[in-house]
Every structure is written in C-alpha cells, then in structure tokens.
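Thanks for making the time this morning. I would like to walk through the side-chain contacts and a few backbone details, and I ask you to keep the structure in view while I talk.

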Amino acid sequence: MKRWFLYPISILFIFIITISLLIGEDKAWVDCSNEEDLYRYVNEGWKVDKVLKDGDVNFGRDGTKYFYKNEFPQIWISRGNKIKALNFGWRCYFLEGPEFNFTRTNYQTYSAEKYGDVIAKYEIENEKFVITQEATYQELWKINPNTKEKKSIKKAFSIEKFAEQCEMIGKKPLFFATVKEYYFSGGWAEPKYLTIFDLTGTKVGISPDWEYAEQFCDFY
C-alpha cells in the first residue's frame, strides 16, 4: 500500500521538474552583485560611500524620495567622477541589473531638489537634442538651431539610447526609452520591456531587453 502511495507523488515530482526544464529560467532576471564584486571594486580603488538597508531613505534615479525596501543591502561606491550602486541578493530584474552606473553630475541631479537640468546632449542627423531630468521622469527635447528654443519630443521614466536604424522598423533614426505605466488609482507597473520611438516621439516598437535590440539595431 505504501509503495502505491509513493507512485503518484514521484510522477508529480518528475512532471514538475520536466516542465521547469522545458520552460527555462525567466530571462528578465539576472544575477545580482556579490561580495566578490565589492572586494574587486574596493581593490581597484573604489570607495564605499553608503550602505542602504531595508527601511533607509534614499533618492531614486528619477529624483523621487523613497524608502529602500529589500532584505538585501544596496552598496554605493565611487571613484573620481564615477558612481556605482551595487545591488545584492539572489536575482535582480534586468532593467536594474547587478549595479546602477552614474556620473557625479547625474547623481547630483537625481538627488537634488531642483529639476529640469540638462543631463545629456546629442546631435543626431544634424539636429540637436537634449535630455532633462524632471521630478519623476526624463524628457527629450529638440533644439531649434535659430531660436535655441526647446520642443518637447517625449516624456518617459528614462530616455535610454539612440539608434541609427533597426531591422524591420521603417522609420529612422530611433530612440529607446523605459516607459512606466501608472494604475488609475495609484501605483505603477514595473517596466518589463524597452519602448522604441522615432524622433517625433511616435511609438514604433518594443524590445524585451538590450541583448535582443543589439541583434537588430545599429546604435550611435
């Protein structure tokens, strides 16, 4: 009787293992930093600036104040004008990755109380563009060469990279952005893909991650 009882459990266990192998690991997750990463940076001259633990107050990449919520710490290190925020734990979301990378100028913009600062400048197809950091988003502007006035192209959580062209997308040049969508009664859905726009701000496609985009796009 006991053996017959074990058969269904064994079959169920084998079935679960088989399904997990067929499905594979979620590609949206990547390995987080670990102690070896931290030791390597420290040995290369990086200095530990602060350690965020669960419940600590910090400023996000978009400049908003928040309480850090994670059972694993986030360690901020710096060297010269460069800053990294190492994320620790088992797995990290691919948009976050094992670490954030900043320059000293951009980091001060994110943590300051004033917004609208220019954080990047580009010249694409003989046209000038700038990206500004606002309170809760970034904004891409086109600069009029005669009047120097700015025309808003797109607001997004983060304006990422520019591409000369992408296969199977008729318009070019293009830019990639992380778009955060908000629920009607508060809160938001974490971005799970990259959104592609032409230089008028029209959405022309999406990409699951940078690895996918780099197969089909030529970036500046």
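Predicted model: local features only at pLDDT ≥ 70, side-chain atom pairs only at ≥ 80, totals over all residues.

Residues are numbered from 1 along each chain as its sequence is written, and side-chain values use heavy atoms, with hydrogens and water left out.

Let me turn to the rings. The structure holds 9 aromatic pairs, where rings of Phe, Tyr and Trp (its six-membered ring) pair if their centres lie within 6.5 Å, and where planes under 30 degrees apart count as stacked, over 60 as edge-to-face and the rest as tilted. One of them is the tilted pair of Y122 and F162, at 4.7 Å centre to centre with 50° between the planes. Because Y122 lies in strand 9 and F162 in strand 13, this pair ties together parts that are 40 residues apart in sequence; helices (H or I, at least four residues) and strands (E, at least two) are DSSP runs, numbered from the N terminus. F162 is buried at 4% relative accessibility, whereas Y122 is partly exposed at 31%. In these terms, buried means under 20% relative accessible area, exposed over 50%, and partly exposed in between, with a 1.4 Å probe and protein chains only. Y122 and F162 also belong to one aromatic cluster with F129, F175 and F197.

Now the salt bridges. In general, side chains of opposite charge can pair when their charged atoms come close. The count comes to 4 salt bridges, each being a side-chain nitrogen of Lys or Arg within 4 Å of a carboxyl oxygen of Asp or Glu. Among them is the bridge between R40 and D37, with the closest N and O atoms 3.4 Å apart; both residues lie in helix 2, 3 residues apart, or about one turn of the helix. E127 and K142 form another, at 2.8 Å between the closest N and O atoms, and this pair links distant parts of the chain, with E127 in strand 10 and K142 in strand 11, 15 residues apart.

Which residue forms a salt bridge with K171? The partner is D198, the closest N and O atoms being 3.3 Å apart, and the pair joins the loop between strand 13 and strand 14 to strand 17, across 27 residues. D198 is buried, with a relative accessible area of 5%, while K171 is partly exposed at 44%.

P173 is found in the loop between strand 13 and strand 14, and a cis peptide bond joins K172 and P173, with omega at about -10°. M168 lies in the loop between strand 13 and strand 14 as well, and its phi is near 70°, a positive value in a residue other than glycine. M168 counts as exposed, at 76% relative accessibility.
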